[in-house]
Amino acid sequence: MTAILSTRGLRKDFVTAKPLFGEATVVQAVAGVSLDIAAGETFAIVGESGCGKSTLARLLLRLIDPTAGEVWYKGEDLASLPPARLRALRRDLQFIFQDPFSSLNPQMSVGALIEEPMRVHSIGTRTERRAKVADLLTRVGLRPEHADRYPHEFSGGQRQRIGIARALASGPTVLIGDEPVSALDVSIQAQVVNLLEDLKDDFGLTLVIIAHDLAVIRHMADRVAVMYLGEVVECAPAGDLYAHPLHPYAEALLAAIPVASYGARPARTMVEGDPPNPIAPPPGCKFHPRCPYATDICRVERPVLADMGGGRTVACHRATELSLQGLADLEQARTPAARGRFALYAQAMADKTAHNRPE
Amino acid sequence: MTATALLELEGLTIALKGVDQPIVDNVGFTLARGETLCIVGESGCGKSLTSLALMGLLQTPPLTVTRGMARFAGEDLLAMPAARLRQIRGGRMAMIFQEPMTSLNPGLRIGEQIAESVRRHKGVGQAEARARALEMLRRVRIPAPEKRLDEYPHQLSGGMRQRAMIAMALANDPELLIADEPTTALDVTIQAQILKLMKSLQQETGAAMVLITHDLGVVAEMADKVAVMYGGRIIETGTAEQVFTDPQHPYTIGLMSSMPSLGARSGRLVTVPGTVPQPTAMPPGCRFSTRCPFATGACATVPPLTDLGAGHRVACAHAPLTATEAPAMRSTGT
Ligand SMILES: Nc1ncnc2c1ncn2[C@@H]1O[C@H](COP(=O)(O)OP(=O)(O)OP(=O)(O)O)[C@@H](O)[C@H]1O
Ligand SMILES: Nc1ncnc2c1ncn2[C@@H]1O[C@H](COP(=O)(O)OP(=O)(O)OP(=O)(O)O)[C@@H](O)[C@H]1O
Ligand code: SF4
Ligand SMILES: [Mg+2]
Ligand SMILES: [Mg+2]
């Protein structure tokens, strides 16, 4: 594997201001993460709220400075790069935000918003940039004349398309999306997921996707990193992870997702309790207070990520002896007539999009 | 079924000031004791307005109930005086919202709030109400309930606040529970715990539940019956088994096709094109017609919710859809 983006021992501590009484608190939002993201793959980061996904994403682009550790992009350590060189590299590394509305300046027209990254990086002449804006708008499923309108005139899904067009404007190689489809309704989410996948193929992008929706991740990702309280506890090819998780927390996540197949779900045990306070994470394995398999060693010694072969790594003392449950085949059973209707629908949609395709 | 119905909603229609077409149009369903109905649909389809109307909590103006009847244990919720509705609300009919702080008072200890509601609806004394509050916190499995009783909402985690709200909602043994996206803001492991809790409490008490969600996964886990809404109307309804194994409405099919599967990867997602029209720009006839791949001239008339058998009802001019019944397809030449 040729890694395009790698981290080594990456850490970010947030220190809160000292309150009137007591001590200032430190949150280890990212607590020593080492990852290799391959060129051209879709790499996903999953985990529950507060586990450090957004912080990690921001560190990957050095939108924030790490407390410790390295971020390597094509042989350069972003963490120690001088500002000018970093600015130049930003052209290659672009970000898509969860909430397109709050990330787009409402005073700027859509055209100006998409053109901005090209201006910042002095790409093309004014005319060339305008042509590129029109091209990008078409590419993300909007129309060139939308360039003169303002973000508030668009729906959530359309604004996300604008955000994507803007991220593409500087011709990046890596696109990092922090929950890029989480705020969207299912039908709109599907449109944007398809768009991201098409763009990835057409522009040869590497995609890093952060999400908490495990179905979206399963659909999009080649490989997945599962985070718990600032650490990667398991990293594996998506299919392997879902079929046979190796970390108890990964098993717990898969058991917890509601599956949209009526009558398909076998009974399962669920993890109890809340995630622990990130300010005072438990000793030993951070998951041990909730882990159904925890033993004495788990309570005192922190497990480290170990190579399990097959491109999988896991941080659990008991990984080799446990046999954990993944998601078996949970396809919805349907009547033959219903299967026929789904086929009709898919065909009708394909015909309709073939009709409407520009060019 | 009808003989034992606890709630019968009929023809609920809600108007929004300045909008010609009703924003919720002719919505109805029946619910028996112990049953769970899931109302599912995308943002803005009228799920919350429907539940708010049942509880008499619509913001009026700009909203008005222009038509409809909601028979709850013999009385019409939509027609009764506000004072009577207040008696029922929080007592025989309770609700849970997405955001626990819409029902919890930040300035009151958890125990006091639950006890207050018990005193008001059950007319019991201080000590008994507090004992009930403790019992409820224990039943929703909040750890160290004696201690939590005297804590304020902000001292609890999000999942625990949601449990506290459920404890309060269930403290007076409601016959009907209305839950509007009760787990949407929670992490999946906490969501799974709360859904399991709601299910087991419901089995213990025999309460009926209207559960509003946009997540078909939650529907598959929880529902006995399903109502799929689009643009303010129910477009398909039936048992969970009917709707999941034999969906009929093109929107239901489109919604299910849009969901990425958890199984092996299967190429591009089949989507629903376009977006939901604004309330001011709803097409006449079937409101899905602007996005439907099967739409024809027949769809310009409002399709009635028609029983296709065994209570599985669908509002589509072309239902049940077959290859010969799909005129738009024939014209594009398959
Ligand atoms: N600027 C900040 N100052 C202080 N603490 C912060 C800051 N940003 C994040 N944190 C803390 O760091 C931890 C990780 O936060 P982060 O936003 O990375 O989580 P996340 O996985 O993206 O969560 P979510 O799914 O809710 O977006 C949390 O405990 C959070 O409260
Ligand atoms: N107080 C209000 N004033 C004006 N319009 C309103 C009001 N409340 C709701 N609406 C509109 O009525 C429609 C239905 O709203 P409702 O809140 O019932 O949707 P919902 O299905 O609950 O959506 P969500 O999944 O986003 O909660 C929407 O178009 C909404 O914008
Ligand atoms: S190390 Fe121990 S506590 Fe942690 S996940 Fe593995 S078995 Fe559970
Ligand atoms: Mg985040
Ligand atoms: Mg709502």
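Two strands are counted as paired if DSSP finds at least two bridges between them. The structure described here is a predicted model.

**The sheet of chain B**

Strands β11(B) and β12(B), the latter spanning residues 313–314, meet this criterion, being joined by two bridges and running antiparallel. Within β12(B), B:R313 is the bridge partner of B:D307. Both strands belong to an open sheet of eight strands in chain B, whose order is β6-β7-β8-β3-β9-β10-β12-β11 and whose pairing is mixed. The edges of this sheet are formed by β6 (93–96) and β11 (306–307) of chain B, each of which pairs on one side only.

**Helices and their angles**

Helix α7(B) packs on the sheet and touches β3 (36–40), β6, β7 (176–180) and β8 (208–213) of chain B. Helix α10(B) lies across β9 (225–230) and β10 (233–239) of chain B. In chain A, the axes of helices α4(A) and α6(A) come within 7 Å.

| Helix | Partner element | Angle |
|---|---|---|
| α7(B), residues 188–205 | β8(B) | about 160 degrees |
| α4(A), residues 110–120 | α6(A), residues 156–168 | roughly 30 degrees |

**The helix pair of chain A**

The axes of α4(A) and α6(A) cross at roughly 30 degrees, and angles under 35 degrees count as roughly parallel; the two helices are therefore roughly parallel to each other. On α4(A), the contact is made by A:V110, A:L113, A:I114, A:E116 and A:P117, and on α6(A) by A:I162, A:A165 and A:R166. Six residues of this contact are nonpolar and two are charged, while none is polar.

Terms used
Residues are numbered from 1 along each chain as its sequence is written. Chains are lettered from A and ligands numbered from 1 in the order in which they are written. This is a predicted model: local features need pLDDT of at least 70, side-chain atom pairs count only at pLDDT 80 or more; totals for chains, interfaces and linings use all residues. Side-chain values use heavy atoms; hydrogens and water are left out. Helices (H or I, at least four residues) and strands (E, at least two) are DSSP runs, numbered from the N terminus. Contact means heavy atoms within 4.5 Å. Axes are lines fitted to C-alpha atoms, for helices over the stretch in contact, and angles run from 0 to 180 degrees between N-to-C directions. Angles under 35 degrees count as roughly parallel, over 145 as roughly antiparallel, 65 to 115 as roughly perpendicular and the rest as oblique. Ala, Val, Leu, Ile, Met, Phe, Trp, Tyr, Cys and Pro count as nonpolar, Asp, Glu, Lys and Arg as charged, and the others, Gly among them, as polar.
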